[in-house]
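Trainee: Could you take me through this one slowly? I'd like to know what stands behind each term you use.

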Amino acid sequence: MQDATEEETAAAARAAAAQRSERKEAERVQLEAMELDKQKAMEVDEEADPLDAFMVGIGEKMSKTEEEGIGKSQIESKDETLFDDDDGLNIVSTEADPDDILAMAAKLKKRKELPTIDHSKVKYDSFRKSFYVEPAELADMTEAEVDELRLELDGIKIRGQDCPKPVQKWSQCGLPAQTLSVIRQLNYDKPTSIQAQAIPAIMSGRNVIGVAKTGSGKTIAFLLPMFRHIKDQRPLESQEGPISLIMTPTRELAVQIFKECKPFLKALNLRAVCAYGGSPIKDQIADLKRGAEIIVCTPGRMIDLLAANSGRVTNLKRVTYIVLDEADRMFDMGFEPQVMKIISNVRPDRQTVLFSATFPRNMEALARKVLQRPVEIVVGARSVVAPEVTQIVEVRADDAKFHRLLELLGELYDTDDDARTLIFVDRQESADSLLRDLMRRGYPCMSIHGGKDQIDRDSTISDFKNGVIPVLIATSVAARGLDVKQLKLVVNYDCPNHMEDYVHRVGRTGRAGNIGTAVTFITEEQDRYAVDIAKALRQSGQKVPEPVQKLVDGFNEKVKAGKEKASGSGFGGKGLEKLDQERDLARRRERKQFAEEGDDAAEEVTESVDDASKAATPVTAASAKKIPTGPAVDLADKIVVHKRGISNADPLDRVKQAASVVRSRLNEAERLRTGVPIDNKGPDAGAYHATLEINDFPQKARWAVTNRTNIAKVLEATGTSITTKGSYYPAGKSPQPGQDPKLYILVEGDTELVVTNAMRELKRLLAEGTAAAVDSESRAAPSSRYSVL
């Protein structure tokens, strides 16, 4: 019995072992089969047609998309990164519908627009502007003593009421102890002229316009009051923007102001961000997210930051102190819309400070739009070179400039090995060409201009300041704010085209009391620019060389003879002029839109149009006759306007009168008359129409009044119908009986007023196109520093 039990147990063990071995074998076979299936699938995939596989994939994706629906888009929206450079847009490279492309472009444009803020509905924190307490020693000074002190401080001139007296020591400024400690560490002995007057004015809470020579310490003049202003307010909380905003026209100037802030930031426990284009926006967004009381920026990048991520990156609710440095150049470069857009988002009771070394009179109107009741502080003249700079102006031909440049460099580096030289040219191509020529002669140098990447520009300026390279070739991008202590020589290889640019270029040397030399080359063909340079020399108390005076006298004689137009002071840029034209056009459109469509209003508009065309005709006609190709064009003769019913009679009488006029014209000749439309039977036919013959105008002028963009603007502003009719006939040819009339434009509308307004816009476009043709074909000399080769 016991033996039988043992045998059964052994048999059961053997059976279990056999089952285990069979199970393992089955698993092994199954694994081998799975691997074989995978290999076969891979071979099939390799042999399959790629297009078929792609189409199958698309079908699967479409079915999945239909099933998932809105839920998938919601999940994807959660995955958007906060710091995406593409502002959260996933742009897929497919054959998109043009309407989709337009919608995407409109979406991108909308993201860059800042919303208009109604400040009356926003609750702002109260803040204090005035911190200045007049010291007893200044309070005891009489008006005569104050005037004498201002005269000693380089002749300070004041415009505005209740301006504080200038200080003479740092201790009189009312600055915190930490700030005074940093000032001592930086070895600033006493305030400069602009600092002595501007700091107490800003500390008193006034809006200030500061104009002083280059290298006079304007940056410190607005930084020190700014630190006091910030420290008086409560600390920043999460998601709050900066308290102080400093805007500059160039990236290099923004970097330099940021560096001048740094010594004070650590002592005062403040944070600053430098934001400008050309550098990664992600880093700047991250810095702003961490919190910063000060932002130094260029206008374009500031708008990008404000619009990024639907305005959640930063905001201007806490901004109470704004600085516009080198404001005149900022406005002239066309930044005024961006600057005004940013400032309109800041609380109205802010404190605004505006500084520059030059400030032409035509900038005052713009400045007063930004500042309320400002105090204007002018140290010296408005546009003057520092007396520490020795100015040399030489009349030389283009082919003799390079040899003279080599002489100047040789003389400088024979006496001072550590000196720096800054050479200004007009164009980027000139900078690179001169760089190659100097490198061949053994001079280590580099160039900087707007065509270079921002990293290259930053490293080049750093190397130049540190003495790695002694010679820097630059366009006017380096003319503002660049401060190099060892800069001994500035060479204007290409002559600047206006006085303000000359002052800023020359002002790169002779800064902070140091001595420097500026050499300017001018050719005999550049007699126009000699006028401003001679004026700058006289204002700074230096003698005008005889060859330069001859150029000035020769140019003045040309002006008297009517061969040249006198050049006024100002910049070569067209920013202000272009913006003024756009504003005037917008005002005219508003007047047209809201004007009454009565007879009296129509008569007034018609009279103003007639007066404007009469006033513009002599100039345009005279300039059009200068076109070397084609016959002379007279705007007054070629613009033919036909209207139905211009009297104040009953509407029925007007219709009868118009019909009789048309019948009489048709009976006069058995052919189509040039510019007289008789096929006015379309669905857009209006009660009033007018024609404008454009056949004999230059091609640019014809294009200006027929291209879709311009016509669309006129249609939107006036609500008329505009059609181009007839055929183009070359000069000297005229249509024969039975042929189409000469090329003309038909304007139709429901009221006389809208037709008249449309005709006025078309006349203006035609005059501008004619003037552009005159400029491009018969211009004797370039009107600006840059020309397309």
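Trainee: What do the buried residues of H6 pack against?

Mentor: They pack against strand S1 (156-159) and helix H8 (193-203). Packing here rests on contacts, meaning heavy atoms within 4.5 Å. Helices (H or I, at least four residues) and strands (E, at least two) are DSSP runs, numbered from the N terminus. One caution: this is a predicted model, where local features need pLDDT of at least 70 and side-chain atom pairs pLDDT 80 or more, while totals for chains, interfaces and linings use all residues. Residues are numbered from 1 along each chain as its sequence is written, and side-chain values use heavy atoms, with hydrogens and water left out.

Trainee: Which residues of helix H6 are the buried ones?

Mentor: In H6, which covers residues 143-152, they are Val146, Leu149 and Arg150. "Buried" means under 20% relative accessible area, "exposed" means over 50%, and "partly exposed" is in between, using a 1.4 Å probe and protein chains only.

Trainee: How do you know that they are on the same side of H6?

Mentor: Look at the arc, which is that of the directions from the helix axis to the C-beta atoms. These residues cover an arc of only 100° around the axis, so they sit on the same side of H6. Ala144, Leu151 and Glu152 are exposed on the other side.

Trainee: What makes helix H12 mostly covered?

Mentor: Count its residues: 7 of the 9 in H12 (residues 299-307) are buried. Among them are Met302, Ile303, Leu305 and Leu306. After the helix you meet Asn309, whose phi is positive, near 55°.

Trainee: Which residues does Asn315 touch?

Mentor: Leaving aside residues up to four places away in sequence, Asn315 touches Gln239, Gly241, Pro242 and Leu306. Asn315 itself lies in the loop between H12 and strand S6 (321-325). Its C-alpha atom is separated by 8.5 Å from that of Gln239, although the two residues are 76 apart along the chain.

Trainee: Why is the pair of Tyr493 and Phe521 called edge-to-face?

Mentor: Start with the rule. Rings of Phe, Tyr and Trp (its six-membered ring) pair if their centres lie within 6.5 Å; planes under 30 degrees apart count as stacked, over 60 as edge-to-face and the rest as tilted. By that rule the count comes to 3 aromatic pairs. For Tyr493 and Phe521 the centres are 6.1 Å apart and the planes are at 70°, so the pair passes the distance test and counts as edge-to-face.

Trainee: Which parts does that pair tie together?

Mentor: Tyr493 lies in the loop between strand S13 (487-492) and helix H18 (499-506), and Phe521 in strand S14 (residues 516-522), so the pair ties together parts that are 28 residues apart in sequence.

Trainee: Is Tyr493 buried or exposed?

Mentor: Its relative accessibility is 13%, so Tyr493 counts as buried. Phe521 has 0%, so Phe521 counts as buried too.

Trainee: What lies over the face of Tyr493?

Mentor: That's Lys401, at 5.6 Å from the ring centre. A charge sits over a ring if NZ of Lys or CZ of Arg is within 6 Å of the ring centre and within 35 degrees of the ring normal.

Trainee: Is Asn269 buried or exposed?

Mentor: At 63% relative accessibility, Asn269 counts as exposed. You'll find Asn269 in the loop between helix H10 (251-268) and strand S4 (272-275). Asn269 has a positive phi of about 60°, although it is not a glycine. Arg373 is another non-glycine with a positive phi, of about 45°. Arg373 is exposed as well, with a relative accessible area of 57%.

Trainee: What is the mean pLDDT of the chain?

Mentor: The mean is 75, and 70% of the residues reach 70 or more. pLDDT is the predictor's confidence in each residue, from 0 to 100. Over residues 70-96 the value is below 50, and this stretch has 17 contacts in the model beyond near neighbours in sequence. Where pLDDT is low, the predicted coordinates should not be read in detail.
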